[in-house]
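Below is what I looked up, in the order in which I did it.

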Amino acid sequence: MKFSMIFEAQLANPTPERERQVIRDCVEQAVYAEEMGFDRIWAVEHHALTQYAHMSASEIFLTWVAARTSRIRIGHGVVTMPFGYQHPVRVAERAAMLDVLSGGRVDIGAGRGATKQEMSMYGVEPADTYPQMEEALRIFANAWREERFEWHGSIDIGPGAILPRPVQDPHPPLFMACSKHDTLKLAAELGIGALVMGFAGADDVREMRKVYDEAVATRGTDRLVSSEVNDHFSALCPTVVLDDAAAAYRIGTRGQRFFAESIAHWYGNGPAPTGYDEGEDHVAAMEQGRERLVAKLHEANIPARPNDTGAYNAQHAYGSAQDALAYVEQLREIGVDEVMCLIQMGTVPQEACMETIRQWGETVLPHFRALEERA
């Protein structure tokens, strides 16, 4: 089982000064993650989603981190793939350059960038997002295999050389963001790894693992994007770990409330999130938010599913290192290939992020690596 961290560069009460600081803080956390033994970092790509994610140019962030590290893998989690956001050849060139400079440490995740805000910024049509994301993945899987590459699908490319060639042959591992069962099935059919939102808790992760495994077991070869199949299942794990377990729970649930309300704002037209007093009952506030969302879905005659309301579930790796161990043990039993820690949430202070990384590195990671060695 691998351990990673994901960065959104979330920011409550944004100002230019705070924005610059949170990005520098994310770099500091990523470099410390290598020191404490994490296997990988992921960085999102979002555009104009104020407060929710200020990580717009993740290729620059990841390059900066790669230059300050030597071992940890560098993951795009994810690149927005529809062609209005960026031409697939340009993404292939950037990814290969980073793979060369990092010594073969790059992973590439695909996403749709499907919020109304983001699509309006780049003139992307909603109907294009799924087919263009899949086509971009097929382009990446073929781009470096021949000295002169060409592609003729919904987009015409070449012939010409895609330079440089990546260190990883024939290409870096491919992944896809998966927030619902349909996208899990698609990732399995395409033969690429799944980056799964795990906010709904261990039971929902278990169900998503089952959906993914069943799709892997029954797929044919006709939809695989590459000869290099990557059946890797990574699940999100929100976490804050401190010596003071009660404080960690308060800080963690406060951060998750900010995250949940940011999602509701940008993906569901809810009100913008605000900063909160640490002493508030954030668990109760999230429960109220979940109930409001369920009611809204029922009004629209849409059945509420765990993935719809999962961001409001507070049962995660918050508290002491032993609390984190207990939660991760559930993920291990489910068969998760990678635990993707979400620590940097909009209201979590930098000192709590750094202390959480330390506690995971000194206690949680060694515990599970010792289990694997004994096995």
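This is a predicted model: local features need pLDDT of at least 70, side-chain atom pairs count only at pLDDT 80 or more; totals for chains, interfaces and linings use all residues.

Residues are numbered from 1 along each chain as its sequence is written, and side-chain values use heavy atoms, with hydrogens and water left out.

**Entry 1: the whole chain**

I looked up the secondary structure and found 12 helices and 11 strands in the chain, where helices (H or I, at least four residues) and strands (E, at least two) are DSSP runs numbered from the N terminus. The radius of gyration of the chain is 20 Å, close to the 21 Å that the globule rule gives for 375 residues, so the chain is as compact as a globular protein of that length. For this I took the radius over C-alpha atoms, and the rule as 2.2 Å times the number of residues to the power 0.38. Along its principal axes the C-alpha trace spans about 60 × 50 × 45 Å.

Of the 375 residues, 57% count as buried. The chain exposes about 15700 Å², and carbon and sulfur atoms supply 50% of that area; accessible areas come from the Shrake-Rupley method with a 1.4 Å probe, and for residues only the protein chains shown count as cover.

I then turned to contacts, meaning heavy atoms within 4.5 Å. Among the contacts in the chain with a separation of 6 or more, 76% are between residues 24 or more positions apart.

**Entry 2: the nonpolar core**

Which residues have the most contacts inside the largest nonpolar core? The core has 120 residues, and those with the most contacts inside it are Phe38, Ile41, Phe61, Phe233, Val339 and Trp360. I used the term for a set of buried Ala, Val, Leu, Ile, Met, Phe, Trp, Tyr and Cys residues joined through side-chain atoms within 4.5 Å. Helix H12 (residues 350-374) gives the most to this core, with eight residues.

**Entry 3: backbone details**

I went through the peptide bonds and noted a cis bond from Gly77 to Val78, with omega near 25 degrees; Val78 lies in strand E3 (residues 73-80). The bond from Asp169 to Pro170 is cis as well, with omega near 5 degrees, and Pro170 lies in the loop between strand E6 (156-160) and strand E7 (174-178).

I also noted two positive phi values. Asn13, which is not a glycine, has phi near 50 degrees and lies in the loop between strand E1 (2-7) and helix H1 (16-35). Gln51 has a positive phi of about 80 degrees although it is not a glycine, and its loop runs between strand E2 (40-43) and helix H2 (58-67). Are these two residues buried or exposed, or in between? Asn13 counts as partly exposed because its relative accessibility is 45%, whereas Gln51, at 10%, counts as buried.

I placed Arg223 in the loop between helix H7 (202-218) and strand E9 (233-241), and at 29% relative accessibility Arg223 counts as partly exposed. Not counting residues up to four places away in sequence, Arg223 touches Glu134, Arg138, Leu186, Glu189 and Leu190. Its C-alpha atom is separated by 9.5 Å from that of Ala188, 35 residues apart along the chain.

Ile263 lies in helix H8 (residues 245-268) and counts as buried, at 19% relative accessibility. With residues up to four places away in sequence left out, Ile263 touches Tyr52, Met197, Phe199, Gly268 and Ala311.

Arg250 is found in helix H8 too, but Arg250 is partly exposed, with a relative accessible area of 34%. Under the rule that leaves out residues up to four places away in sequence, Arg250 touches Glu278 and His282. Arg250 and Glu280 are 30 residues apart in sequence and 8.4 Å apart in space, C-alpha to C-alpha.

Note on methods:
Buried means under 20% relative accessible area, exposed over 50%, partly exposed in between (1.4 Å probe, protein chains only).
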